[in-house]
Amino acid sequence: MTELMLAVMILLLLAGFPMKMPLISAAVLGFLVYFPDMSLQILVQQMIGGVKPAALIAVPMFILAADIITRGHSANRLIDVVMSFMGHIKGGLAISVTSACALFGAVCGSTQATVVAIGGAMRPRMLKSGYKDSFAIGLIVNAADLAYLIPPSIGMIIYGVVSGTSISQLFIAGIVPGLLIVVLFSAYCMVYAYRHDIPVLPREGWGQRFTAMRRALWPMGFPAIIVGGIYGGVFSPTEAAAICVLYAAVLEVLIFRSVRLRDLWDIALSTGAITSVVFILIAAGAAFSWTLSFAQVPQQIIASLGLDEAGPLMVLVAVNLAFFLGCMFVDSIVVILILVPIFAPMIKAAGLDPVLVGVLITLQVAIGAATPPFGCNLFTAIAVFRRPFVEVVRGVPPFLVILLIVTGLLVAFPQIALFLPELAYR
């Protein structure tokens with residue numbers, strides 16, 4: 001029966017239906033076969049229950065904050081401050097792109113918004129400085145993945161809701177792996193710059209640096225609010241999201257005056273459209289996952305794979321492999337909604353820390369966002385940079401290797417992700 005449900009999903013996807021239709025159709029089919037005597041109202045209740053958790057309120061809030069910031073001046077001010085310190089280093093422009101993506105990711109939490117905001121401003125500069133277009137696009141679409149790891153992260157919120165894991169701990173656990181990726185990407189950028197003899201930019205004086213820092217102080221308030229407020233116990237992730245919206249509106253409307261008050265209506269409509277898609281997927285995924293779980297399909301799958309008594313290392317390898325492959329073909333939110341309930345019994349039986357598993361899953365989701373054939377960052381780059389698919393993916397492999405190395409390091413040394421949450425919540 002599981003094979004039939006998957007076949008229905010694949011056929012509907014190939015027929016061009018949006019992802020919510022295959023999910024709902026497969027859930028209804030499974031429900032009718034497994035529970036023919038039960039009312040379909042139960043399935044509807046599961047869908048409604050899927051979008052009930054209060055933590056999900058943070059999702060539209062962070063999306064709205066990202067929309068406001070993307071239309072304002074925050075991205076350029078963050079770029080300027082990074083460039084003032086990094087531009088004169090060999091490969092400094094590429095390192096600045098990586099650092100700017102990390103900073104902007106800490107502001108908005110959206111990989112696609114990061115591709116648009118940072119890529120739109122930095123790609124022309126990189127091309128003018130002698131970088132190949134394939135390298136520039138490959139760096140941008142992969143460095144944007146840092147928005148998934150460095151808080152706030154919509155992927156972590158979805159995982160936390162589905163798995164019942166503390167979102168605050170997930171946020172804090174993503175900081176060090178995100179910074180590790182920044183360091184490794186920067187090292188590769190320096191090697192690339194030396195190999196291709198990329199010229200450096202003039203060194204800026206401390207006066208220019210202080211000016212750039214002063215102009216970026218307001219945008220830097222976002223990570224301070226999110227990480228500092230949550231770490232200090234001042235507010236929850238959901239409350240942090242609401243405060244970020246208020247902060248973004250005050251910043252761009254009143255202080256920078258880059259967004260008009262009447263523009264907020266259009267921005268809110270855009271956020272509503274995106275949020276509705278996300279929440280429909282969450283509701284459909286909740287119904288699908290409930291059908292599988294109630295029919296004990298996860299236990300059957302785990303038993304058929306011989307993983308019911310697997311050790312922690314084998315479970316981590318299986319989880320990483322499943323999410324890496326899944327996110328190459330299907331939307332990351334859908335993969336989290338489907339696979340987390342399937343692997344939950346295995347993760348619990350192996351005694352794995354759900355925070356560590358959440359960071360690893362988020363990393364695989366981030367990798368999938370920039371990996372062919374269906375990574376969302378790739379299609380965002382195609383639309384923004386107006387380049388063909390082949391050119392966009394040509395520069396991806398080196399950065400993919402780095403991200404897989406970080407995955408291996410997290411599996412081998414879990415404290416990379418766990419020591420900050422343990423320090424904060426011991």
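Both Phe185 and Phe399 are buried, where buried denotes under 20% relative accessible area, exposed over 50%, and partly exposed the range in between (1.4 Å probe, protein chains only). The structure is a predicted model, in which local features need pLDDT of at least 70 and side-chain atom pairs count only at pLDDT 80 or more, whereas totals for chains, interfaces and linings use all residues. Residues are numbered from 1 along each chain as its sequence is written, and side-chain values use heavy atoms, with hydrogens and water left out.

Helices here are DSSP runs (H or I, at least four residues), numbered from the N terminus. Phe135 counts as buried because its relative accessibility is 5%, while Tyr188, at a relative accessible area of 24%, is partly exposed. The pair of Phe185 and Phe399 is edge-to-face, at 5.1 Å centre to centre and 70° between the planes. This second pair also links distant parts of the chain, from Phe185 in helix α12 to Phe399 in helix α23 (residues 397-412), 214 residues apart. Ring pairs connect Tyr131, Phe135, Phe185, Tyr188, Tyr192 and Phe399 into a cluster.

Charged side chains also lie over aromatic rings, by the criterion that NZ of Lys or CZ of Arg is within 6 Å of the ring centre and within 35 degrees of the ring normal. Lys90 lies over the face of Tyr194, at 5.8 Å from the ring centre. The charged end of Arg209 is placed over the ring of Trp206, 4.7 Å from its centre.

One cavity of 30 Å³ or more is present in the structure. A cavity is a set of points on a 1 Å grid over the protein atoms alone where a 1.4 Å probe fits but cannot get out, and lining residues have an atom within 4 Å of a point. The largest cavity has a volume of about 50 Å³, taken as the space filled by probe spheres set on the points. Its lining comprises Gly87, Ile89, Gly91, Gly92, Leu93, Ser129, Tyr131, Ile198, Pro199, Val200 and Leu201. Seven of the lining residues are nonpolar, four are polar and none is charged.

In helix α14 (residues 221-231), the buried residues are Gly221, Phe222, Pro223, Ile225, Ile226, Gly229 and Ile230. The elements covering these buried residues include α4 (58-70), α6 (92-108), α11 (167-173), α15 (237-255) and α24 (415-425), with contact defined as heavy atoms within 4.5 Å. Helix α14 is followed by Gly233, whose phi is positive, near 75°.

Most residues other than glycine have a negative phi. Arg386 is located in the loop between α21 (376-385) and α22 (389-394), and its relative accessibility of 72% classes it as exposed.

Methods:
Helix = DSSP H or I, 4+ residues; strand = E, 2+ residues; numbered from the N terminus. 1 Å grid on protein atoms, 1.4 Å probe; cavity = no way out; pocket = protein on both sides within 12 Å on 5 of 7 lines; lining within 4 Å. Nonpolar A, V, L, I, M, F, W, Y, C, P; charged D, E, K, R; others polar. Phe/Tyr/Trp six-rings, centres within 6.5 Å; stacked < 30°, edge-to-face > 60°.
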